[in-house]
Amino acid sequence: MKKVLITGGAGFIGSHVVRLFVNQYQDYLIYNLDALTYAGNLENLTDVENKSNYKFIKGDITDGDFINDLFSDIQFDAVIHLAAESHVDRSISDPLSFINTNIIGTVNLLNAAKSVWEGNWSDRLFYHVSTDEVYGSLGDTGFFVESTSYDPKSPYSASKASSDHLVRAYGNTYGLPYVISNCSNNYGPNQFPEKLIPLCINNIKNNKPLPIYGKGENIRDWLYVKDHATAIDNVFHKGENGETYNIGGHNEWTNIDLVRLLCDVMDEALEQEIGTSQKLITFVKDRAGHDLRYAIDASKIDKELSWKPSLTFEEGIKKTVKWYLDNESWLDHVTSGKYQQYYQSQYEER
Ligand code: NAD
Ligand code: DAU
């Protein structure tokens, strides 16, 4: 059986990727390596935890000795690397943990893969799952393409840009087979309620303010998480060695328009008068160095790998709201107990 290591598989996107691979590829053995930080939660994977082709390993990618031992024990055939510190606001208050996990952690994985694969590169693949934030910020027009120069602006995006460069450097220097994808903003089930959409859903439920940074005019390009998982499946199986693929949903929204739409969808779902949730919108101090606009040109992955998003934003946002309302216990768990400090500290900082 092909042994595929997925890092960060207990997190938001990683759990959707693990589920897709475990269910779709019974001839693969899927290893989910995750440190279970505040963002990692095995409740995201209860439906696959007993499958015979799935194994969970608790471990930290910043521990180089542990990672080397793991690779020499298990001899993975391929790696899909998602483990990261992922929240921009946290990278502003604590850059070092982003440097450790996103840069040092990635180098530990690259070194371990190189040492077990060297001399036998065929059928091996290191797939780095990255972000469109490495390209910096757009003005009112234009799109990020794969050849757009890197211009990261936050400690988070600088750490992801650095890890992208290191993956390419290992390909160029040692011949390590790799692919990279750079995706726009994801939303959907299982996203920790520090990110804009689940934070607003949770705050509406609890009748709390919806904090909009600055004037709410910043633009993000949103993609439903399950569509990202199918794109990752395509890149993993059909991507060319050494190539980069941008992934996005052609779905740009200003933050304020998005939150207004979300408020209306929530009012409908909660059977309350339309306009009720919008009253919670509160403009707060802007994020430091806030990137104005992200927008992905996804024509390469469409043309070369035949991937397209399957859902419209209106469909995706309704499914997302329904998931959060149907999974109250998940939301309660990740905002209480050992997780509470992460949720509360973020909220109180504003
Ligand atoms: P997330 O924060 O929800 O999950 C990250 C996971 O990594 C968690 O399960 C966490 O426990 C694990 N992790 C963190 N540090 C670790 C360490 N030192 N060792 C082992 N595991 C560790 O993140 P996400 O939103 O699912 O993002 C996953 C990946 O996709 C990241 O690499 C991120 O940069 C990238 N990405 C995210 C988005 C997005 O919109 N969320 C968009 C594009 C790319
Ligand atoms: O573009 C891909 C990136 O998208 C990923 O690489 C990151 O891991 C992911 O966190 C996300 O980054 P953003 O900073 O764009 O996502 P976030 O949900 O934090 O913010 C979305 C927008 O909403 C952004 O312009 C900031 C704004 N915002 C965010 C929060 C949390 C608010 O106005 N208020 C808030 O409370």
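Colleague: What does a nitrogen atom of ligand 1 sit 3.0 Å from?

Modeller: In this predicted model, that nitrogen atom of ligand 1 is 3.0 Å from a polar backbone atom of Ile61.

Colleague: How many residues are around ligand 1, and which come nearest?

Modeller: There are 29 residues around ligand 1, and the ones that come nearest are Ile13, Asp34, Ser86, Tyr156 and Lys160.

Colleague: Now ligand 2, which residues are closest there?

Modeller: Ligand 2 is surrounded by 24 residues, of which Ser86, Asp132, Tyr156, Arg287 and His290 are the closest; Ser86 and Tyr156 are also among the residues nearest to ligand 1.

Colleague: What distance do you get from an oxygen atom of ligand 2 to the side chain of Asp132?

Modeller: An N or O atom in the Asp132 side chain is 2.5 Å from an oxygen atom of ligand 2, while for the His290 side chain the corresponding value is 2.7 Å, and for the Arg220 side chain it is 2.9 Å.

Colleague: Switching to the helices, at what angle do H6 and H10 pack?

Modeller: Helix H6, residues 196-205, packs against helix H10, residues 313-326, at an angle of about 50°, with the two axes 11 Å apart, and the pair is therefore oblique. The crossing of H6 past H10 is right-handed.

Colleague: Which residues meet there?

Modeller: From H6 there are Ile197, Pro198, Ile201 and Lys205, and these meet Phe313, Ile317, Thr320, Val321, Tyr324 and Leu325 of H10. By type, the residues of this contact are 8 nonpolar, 1 polar and 1 charged.

Colleague: And H2 with H4, how do their axes cross?

Modeller: The axes of H2, residues 64-74, and H4, residues 95-117, come within 9 Å and cross at roughly 30°, and H2 passes H4 in a right-handed crossing. On the H2 side the contact involves Gly64, Ile67, Asn68, Phe71 and Ser72, which meet Asn108, Leu109, Ala112, Ala113 and Val116 of H4.

Colleague: How many of those residues are nonpolar, polar or charged?

Modeller: The contact of H2 with H4 has 6 nonpolar residues, 4 polar ones and no charged ones.

Notes. Residues are numbered from 1 along each chain as its sequence is written. Chains are lettered from A and ligands numbered from 1 in the order in which they are written. This is a predicted model: local features need pLDDT of at least 70, side-chain atom pairs count only at pLDDT 80 or more; totals for chains, interfaces and linings use all residues. Side-chain values use heavy atoms; hydrogens and water are left out. Axes are lines fitted to C-alpha atoms, for helices over the stretch in contact, and angles run from 0 to 180 degrees between N-to-C directions. Helices (H or I, at least four residues) and strands (E, at least two) are DSSP runs, numbered from the N terminus. Angles under 35 degrees count as roughly parallel, over 145 as roughly antiparallel, 65 to 115 as roughly perpendicular and the rest as oblique. A crossing is left-handed if the near helix is turned anticlockwise from the far one by less than a right angle, and right-handed if clockwise. Contact means heavy atoms within 4.5 Å. Ala, Val, Leu, Ile, Met, Phe, Trp, Tyr, Cys and Pro count as nonpolar, Asp, Glu, Lys and Arg as charged, and the others, Gly among them, as polar. A residue is near a molecule or strand if one of its heavy atoms lies within 4 Å of it. A polar contact is a pair of N or O atoms within 3.5 Å; within protein, one must be able to donate a hydrogen and the other to accept it, and residues adjacent in sequence count only if both atoms are side-chain atoms.
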